[in-house]
Structures are given as structure tokens and as C-alpha cells.
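Here is a walk through this protein, helix by helix and then out to a few single residues. Have the structure open and follow along.

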Amino acid sequence: MGINMLIGLIAAYFIYNDAKKLGQPFFTSLLWAVASIPMPIVIVPLYLLLGRKPNIDRQRNADPDIIDVEATVVEETTPCPMCGSKVQESFLVCPYCKHTLQLKCQSCGNEIERESKVCPYCQAHIDYK
């Protein structure tokens with residue numbers, strides 16, 4: 001009985017400190033620790049499987065100076081009119097089928113509409129489609 005109680009107290013100390021380190025509330029940490037004193041053989045494996053999840057919301061709200069930002073690159077995509085592959089809107093040519101996505105005037109370099117016969121900026125004749 002004495003060895004079981006000693007093992008239970010050691011387990012309670014470990015569980016309480018571990019739960020507090022993971023950001024669990026005081027009552028939850030205390031509950032796991034107290035439950036492990038009489039039944040360390042049952043409670044310690046249960047705690048290791050179920051109770052070791054960090055409390056992320058509590059950790060985020062603990063320090064208001066820390067901003068948790070997940071960096072995701074958002075790229076505007078559009079389907080290629082020729083092959084349908086997703087390409088970035090800034091691409092001039094589809095990398096999959098080599099279809100010209102944005103036409104540029106050979107004379108002045110401004111973007112022009114595909115239907116244009118003459119560049120509206122420099123009045124150069126457009127001879128490609």
C-alpha cells in the first residue's frame with residue numbers, strides 16, 4: 001500500500017506539472033493529478049493518451065504581444081481559355097499549353113485586348129492573335 005501511494009504521488013506531481021506546462025486550466029490539472037494518486041496504473045496511461053493536448057486558445061490569449069499568424073500565399077488564378085489549367089493572372093503565357101494569355105503591343109509594350117486591330121495607345125497595327 002505504501003509503494004502504491006508513493007508511485008501515485010510521483011505520478012500526480014508529474015501529471016500536474018506537465019498539464020500546467022501544456023496550458024491546461026488549474027482545475028483540470030489538479031483533477032488529473034488527484035485522480036492519479038489512488039490509481040496511477042489506470043490514470044497515467046489515460047492522461048498520456050487523452051490529457052496531453054495543449055490548450056491552444058489559452059496559450060494564444062496568455063500573451064497579447066504575440067500574434068499568431070499562419071502565412072499562406074494567396075495567388076489569384078484564372079483558367080487558361082485554351083486548356084483550362086489554373087494559371088496566375090499575372091502570367092503572359094500559359095505554362096502548360098503556351099497559349100498567349102495577355103497580349104502586349106510590340107511597339108509600346110502596353111496590354112491590349114485580343115480583339116484589337118490597332119493599339120489604342122500608340123496606334124500601331126496589330127498583326128498577331
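## Helix H1 and what it packs on

Start with helix H1: its buried residues pack against H2 and H3. This is a predicted model, so take everything here as a description of that model. H1 runs over residues 2-21, and the residues in it that count as buried are Gly 8, Ala 11, Ala 12, Ile 15, Asp 18 and Ala 19. Looking down the axis of H1, you'd find these buried residues within an arc of 145°, so they line one face of the helix.

Just after H1 comes Gly 23, with a positive phi of about 90°.

Asp 18 lies in helix H1, and its relative accessible area is 5%, so it counts as buried (the cut-off is under 20%).

Asn 4 also has its place in helix H1. With a relative accessible area of 36%, Asn 4 is partly exposed. Leaving aside neighbours within four places in sequence, Asn 4 is in contact with Ile 37, Pro 38 and Pro 40. Take Pro 40 from that list: along the chain it is 36 residues from Asn 4, yet the two C-alpha atoms are separated by 8.0 Å.

## How H2 and H3 meet

Next, the pair H2 (residues 26-36) and H3 (residues 40-51). Their axes are 8 Å apart, and the helices pack at an angle of about 150°. That makes H2 roughly antiparallel to H3, because angles over 145 degrees get that label.

Who meets whom here? On the H2 side you have Trp 32, Ala 35 and Ser 36; on the H3 side, Pro 40, Ile 43, Leu 46, Tyr 47 and Gly 51. Sorted by class, this contact has six nonpolar residues, two polar ones and no charged ones.

## A closer look at H3

How far does H3 span between its end C-alpha atoms? The figure is only 14 Å, whereas a straight helix of twelve residues would span 16 Å at 1.5 Å a residue.

In H3, the buried residues are Pro 40, Ile 43, Val 44, Tyr 47 and Gly 51. They cover an arc of only 100° around the axis, which puts them on the same side of H3. H1 and H2 are among the things that cover these buried residues. Turn to the face of H3 pointing away from the buried side and you'll see Ile 41, Leu 49 and Leu 50, which are exposed.

Lys 98 is found in the loop between strand S2 (86-88) and strand S3 (103-104). Its phi is near 65°, a positive value in a residue other than glycine. At 71% relative accessibility, Lys 98 counts as exposed.

The other one, Gln 123, is in the segment after strand S4 (111-112). Gln 123 is not a glycine either, but has a positive phi of about 65°. Is Gln 123 buried or exposed? Its relative accessibility is 68%, so Gln 123 counts as exposed.

## Zooming out

Step back to the whole chain. The protein has four helices and four strands, and if you read along the sequence the pattern goes α-α-α-α-β-β-β-β.

Of the 129 residues in the protein, 22% are buried. For contacts between residues at least 6 apart in sequence, 27% join residues at least 24 apart.

Definitions and conventions:
Residues are numbered from 1 along each chain as its sequence is written. This is a predicted model: local features need pLDDT of at least 70, side-chain atom pairs count only at pLDDT 80 or more; totals for chains, interfaces and linings use all residues. Side-chain values use heavy atoms; hydrogens and water are left out. Axes are lines fitted to C-alpha atoms, for helices over the stretch in contact, and angles run from 0 to 180 degrees between N-to-C directions. Helices (H or I, at least four residues) and strands (E, at least two) are DSSP runs, numbered from the N terminus. Angles under 35 degrees count as roughly parallel, over 145 as roughly antiparallel, 65 to 115 as roughly perpendicular and the rest as oblique. Contact means heavy atoms within 4.5 Å. Ala, Val, Leu, Ile, Met, Phe, Trp, Tyr, Cys and Pro count as nonpolar, Asp, Glu, Lys and Arg as charged, and the others, Gly among them, as polar. The expected span of a helix is 1.5 Å times one less than its number of residues. Buried means under 20% relative accessible area, exposed over 50%, partly exposed in between (1.4 Å probe, protein chains only). The arc is that of the directions from the helix axis to the C-beta atoms.
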